[in-house]
Amino acid sequence: MSGILLGINIDHIATLRQARGTNYPDPIHAAAVAEHAGADGITIHLREDRRHIQDRDVYLLAKTLKTRMNFEFAVTEEMIAIACEIKPAYACLVPEKREELTTEGGLDVAGQLDKITSAVTRLAAKGIKVSLFIDADKAQIDAAVAVGAPYIEIHTGCYADAQTDAVQAEELARITTMAKYAHSKGLVVNAGHGLHYHNVKAIAAIPELYELNIGHAVIARAAIDGLETAVRDMKTLMLEGRRGE
Ligand SMILES: CC(=O)[C@@H](O)[C@H](O)COP(=O)(O)O
Ligand SMILES: NCC(=O)COP(=O)(O)O
């Protein structure tokens, strides 16, 4: 049984900084602490509205990370140009709506094959491993294969937001089935969004999953217990889940 990796999304360290326009807490410092605590990678989402992560954070983290960057962004010329300049290990293409509180769904790859194919090709030409943030949906998985993306990240928001045990079980079954399908098509399968300390183990137990990207719940726990403890505890739960404990 292979292990499962943990990508820590530090967006909401920047949310706290932006709340007052101070220069603290610094995402650069938070990334170093998270890496020291066992994060296998750092995820950041440079949104078009710059509500949290700033361009300065992206350029500094590109120079300072000891693990690797998973750079999330919307499929726009501006963001593709930044990614091609800094050449992160991973780029994850995500949908973005200005009015959204957080990401609400997966990228519609099937509905914009030419646009996504062009973005994937340009990023891959720079040596960047491209991931597509998509719903647990067969058509979107097939589209991800069609556009040449080597990775996908399954959106776990419907699972995380489920209001009943029955719906949560349905969403878990869907994610499990689609992770297996995607893996059978040769994709490397990650997952993320809305995962926390009480729902992560069941997702981590899915053997086809390579990495989980988790942010909000870890940063929230860090406000109470400290970031090192928050990261270590999440990784422990993930490994327990993978071992079926
Ligand atoms: C794609 C995804 O689910 C997250 O990585 C994304 O960053 C969420 O957006 P916020 O970080 O702005 O909540
Ligand atoms: N792609 C998911 C991610 O990076 C973190 O999402 P969340 O844990 O902040 O909901």
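Helices and strands are here DSSP runs numbered from the N terminus, a helix having at least four residues and a strand at least two. The model on display is predicted.

**First stop: ligand 2.** Select ligand 2 together with strand β8 (209–214) and helix α10 (216–225), each of which supplies at least two residues of the shell around this ligand. Then display the whole shell: N9, T43, E153, G192, H193, G194, L195, N213, I214, G215, H216 and A217. By class, three of the shell residues around ligand 2 are nonpolar, eight polar and one charged.

**Second stop: ligand 1.** Select ligand 1 next; around it stand N9, D11, H45, R47, E72, V94, T102, T103, F133, G192, H193 and G215. This shell comprises two nonpolar, seven polar and three charged residues.

Proceed to α2 and colour P27, A30, A31 and A34, which are buried. Viewed down the axis of α2, the buried residues fall within an arc of 100°, so they line one face of the helix. Just after α2, select G38, where phi is positive, at about 120°.

Keep α2 (residues 27–36) and show α3 (residues 55–64): the two helices pack at an angle of about 35°, and their axes are 10 Å apart. Their crossing is right-handed. Select P27, I28 and A31 on α2, with D57, L60, L61 and T64 on α3, to display the residues that make the contact. Five of these contact residues are nonpolar, one is polar and one is charged.

Notes:
Residues are numbered from 1 along each chain as its sequence is written. Chains are lettered from A and ligands numbered from 1 in the order in which they are written. This is a predicted model: local features need pLDDT of at least 70, side-chain atom pairs count only at pLDDT 80 or more; totals for chains, interfaces and linings use all residues. Axes are lines fitted to C-alpha atoms, for helices over the stretch in contact, and angles run from 0 to 180 degrees between N-to-C directions. A crossing is left-handed if the near helix is turned anticlockwise from the far one by less than a right angle, and right-handed if clockwise. Two residues are in contact if their C-beta atoms, placed from the backbone, lie within 7 Å. Ala, Val, Leu, Ile, Met, Phe, Trp, Tyr, Cys and Pro count as nonpolar, Asp, Glu, Lys and Arg as charged, and the others, Gly among them, as polar. A residue is near a molecule or strand if its C-beta atom, placed from the backbone, lies within 6 Å of it. A residue is buried if 20 or more other C-beta atoms lie within 10 Å of its own, exposed if 12 or fewer, and partly exposed in between; C-beta atoms are placed from the backbone. The arc is that of the directions from the helix axis to the C-beta atoms.
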